[in-house]
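Hello,

My notes on its cavity and pocket follow below it.

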Amino acid sequence: MIRWLLLGFIVLNANALYAIDQIIMKDTDVLEEKIYKKHWYFTLDTTLIMYNNPLSYTGSKNTFKSKEHLPYIGPTLAIGYAFPLSSSFWTSTQISGFFYQNKEREIERAKEEYPLSIRDSIVDNKMYGLFISQTFTIRMKMGSYFFEPFAQIGIGYALANNKLKYTYDDLVNMEEYYVRVDEELAFQNVALGFNILSKNGIYLFTKIQKNLITIGKYEKYGSERAYGDSTFLGTANPIVPVNESDNFTKNRDEFSASLGFGYIY
């Protein structure tokens with residue numbers, strides 16, 4: 001009796017596994033068929049881009065220097081439409097939005113248990129905007145996956161906000177400084193990368209991108225004041241806003257790297 005029960009249990013489970021396998025394979029076939037047709041897709045990635053920090057200040061107690069090739073990091077979300085030019089050559093158009101940031105804070109205290117800080121400085125750099133890109137992809141089937149090397153060209157527009165806020169107290173030998181630089185940026189970029197696409201429409205990708213960045217508008221404003229042995233004893237010295245949109249144009253070449261995933265629907 002036990003032998004027959006075990007045999008029946010095996011047969012029933014084998015049939016159940018076969019049915020599940022057929023459902024999964026059927027869905028996979030449907031999805032794979034969709035992959036070969038024109039389709040919409042979205043991607044989400046984390047991007048590391050190099051840019052500059054234009055903020056600098058020389059005070060009586062501390063000095064801050066501008067930095068070249070500072071790493072900004074953040075997410076990029078894109079939606080696009082892909083269609084085949086041939087059985088293995090594809091092109092797609094996508095629009096993407098991004099937000100990158102580099103933020104640092106340094107607090108100096110006399111002692112860990114002492115509640116008041118001697119020095120507090122915050123550097124907060126943000127960049128956000130939009131890209132429009134055209135991608136050209138070669139699709140190669142490798143087992144149950146597709147390997148897709150691609151090249152991409154694009155243009156974009158972004159705003160960069162850079163802030164430096166610095167205070168030094170040391171019990172009334174005070175030094176304060178605040179400055180903000182706003183920039184409007186135009187992007188031209190080229191990228192190389194590859195996708196690893198599964199039959200269910202999910203894929204992973206990575207790319208390296210070269211960005212030609214043109215700074216079209218530059219505004220700087222803020223204030224500073226100091227006490228004690230400062231040359232501006234007890235005075236406030238505003239930094240006059242500067243608008244150089246008419247005569248300030250600077251080109252920069254910077255690189256970025258992205259790692260993310262996408263889904264075909």
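The largest cavity has a volume of about 480 Å³. Please keep in mind that this is a predicted model. With a cut-off of 30 Å³ or more, the count is one cavity.

Two or more residues each come from strands E1 (39-53), E4, E5, E6, E8 (145-168), E9 (175-198), E10 (202-226) and E12 (250-264). In total, 35 residues line the largest cavity. If you want to find the centre, go to Tyr41, Thr43, Gln94, Thr135 and Gln152, the lining residues that lie nearest to it. Sorted by class, the cavity lining consists of 18 polar, 13 nonpolar and four charged residues.

Now the open space. The largest pocket holds about 190 Å³, and 14 residues line it. Nearest the centre of this pocket are Phe64, Lys67, Glu104, Glu106 and Val123.

Which strands supply at least two residues each to the pocket lining? They are E4 (67-84), E5 (89-109) and E6 (117-138). E5 gives the most, with four residues. By class, the lining of the largest pocket has five charged, five nonpolar and four polar residues.

Regards

Methods: Residues numbered from 1 in each chain as written. Predicted model: local features only at pLDDT ≥ 70, side-chain atom pairs only at ≥ 80, totals over all residues. Heavy atoms only, no water. 1 Å grid on protein atoms, 1.4 Å probe; cavity = no way out; pocket = protein on both sides within 12 Å on 5 of 7 lines; lining within 4 Å. Points joined across faces, edges and corners; volume = space filled by probe spheres on them. Nonpolar A, V, L, I, M, F, W, Y, C, P; charged D, E, K, R; others polar.
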